Amino acid sequence: MPLTRFHNITGSTGVDVELLAPGDRVNKLLSVVICNVRASNDATVSLFLQSQTLNQTFHILKTVNLPFNSSIVLDSEDLPTFNNSENKFGLYITVGGSDEVDVLLNV
């Protein structure tokens with residue numbers, strides 16, 4: 001599956017959205033930008049690594065409130081290094097039910 005760098009996410013409570021699939025062969029993320037594109041409400045964001053085969057989840061952000069019309073930038077110093085070439089870990093995001101965010105991945 002080809003890597004998708006730009007994502008428009010519309011929230012559904014409790015739904016995990018795959019940003020990087022296990023096996024996408026991304027050795028290092030340089031940055032992740034998450035932008036709340038709603039004009040009037042905060043967004044609730046969780047960003048995490050997950051392995052279906054190992055049944056493990058590691059949160060990078062956990063239910064963080066992102067104010068409306070603002071962004072958060074996570075650079076290489078904020079992000080753990082992981083190798084998803086071996087179909088182990090993927091990168092996922094969950095946002096609140098009515099939230100809308102854009103996610104940009106720099107690899």
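1. Asn69 is situated in the loop between strand 5 and strand 6, where strands are DSSP runs of E with at least two residues, numbered from the N terminus. Its phi is near 55°, a positive value in a residue other than glycine. Asn69 has a relative accessible area of 55% and is therefore exposed; exposed means over 50%, buried under 20% and partly exposed in between, with a 1.4 Å probe and protein chains only.

2. On provenance, this is a predicted model, in which local features need pLDDT of at least 70 and side-chain atom pairs count only at pLDDT 80 or more, while totals for chains, interfaces and linings use all residues. Residues are numbered from 1 along each chain as its sequence is written, and side-chain values use heavy atoms, with hydrogens and water left out.

3. A positive phi also occurs at Arg25, at about 65°, although Arg25 is not a glycine. Arg25 belongs to the loop between strand 2 and strand 3. With a relative accessible area of 65%, Arg25 is exposed.

4. Ile9 stands opposite Val101 of strand 8. The covered face of strand 1 carries His7 and Ile9, whereas Phe6, Asn8 and Thr10 form the uncovered one. Strand 3 (residues 31-36) runs antiparallel to strand 8, with six bridges between them, and Val33 has Leu104 as its bridge partner in strand 8.

5. A further open sheet is built from four strands in the order 2-7-4-5, with antiparallel pairing. Its edge strands are strand 2 (17-20) and strand 5 (56-66), each of which pairs on one side only. Neighbouring strands of this sheet are turned by 25° against each other on average, direction ignored. Strand 4 (residues 43-51) and strand 7 (residues 90-95) run antiparallel and are joined by six bridges; Gln50 stands opposite Gly90 in strand 7.

6. The count of aromatic pairs comes to two, the rule being that rings of Phe, Tyr and Trp (its six-membered ring) have centres within 6.5 Å, with planes under 30 degrees apart counted as stacked, over 60 as edge-to-face and the rest as tilted. Phe48 and Tyr92 form a stacked pair, at 5.9 Å centre to centre and 20° between the planes. Since Phe48 lies in strand 4 and Tyr92 in strand 7, the pair ties together parts that are 44 residues apart in sequence. Phe48 is buried at 4% relative accessibility, and Tyr92 is buried at 8%.

7. Phe58 and Phe89 have ring centres 6.0 Å apart and planes at 50°, so this pair is tilted. The pair links distant parts of the chain, 31 residues apart: Phe58 is in strand 5, and Phe89 is in the loop between strand 6 (71-75) and strand 7.

How values were computed:
Pairing = 2+ DSSP bridges. Axes fitted to C-alpha atoms, helices over the stretch in contact; angles between N-to-C directions.
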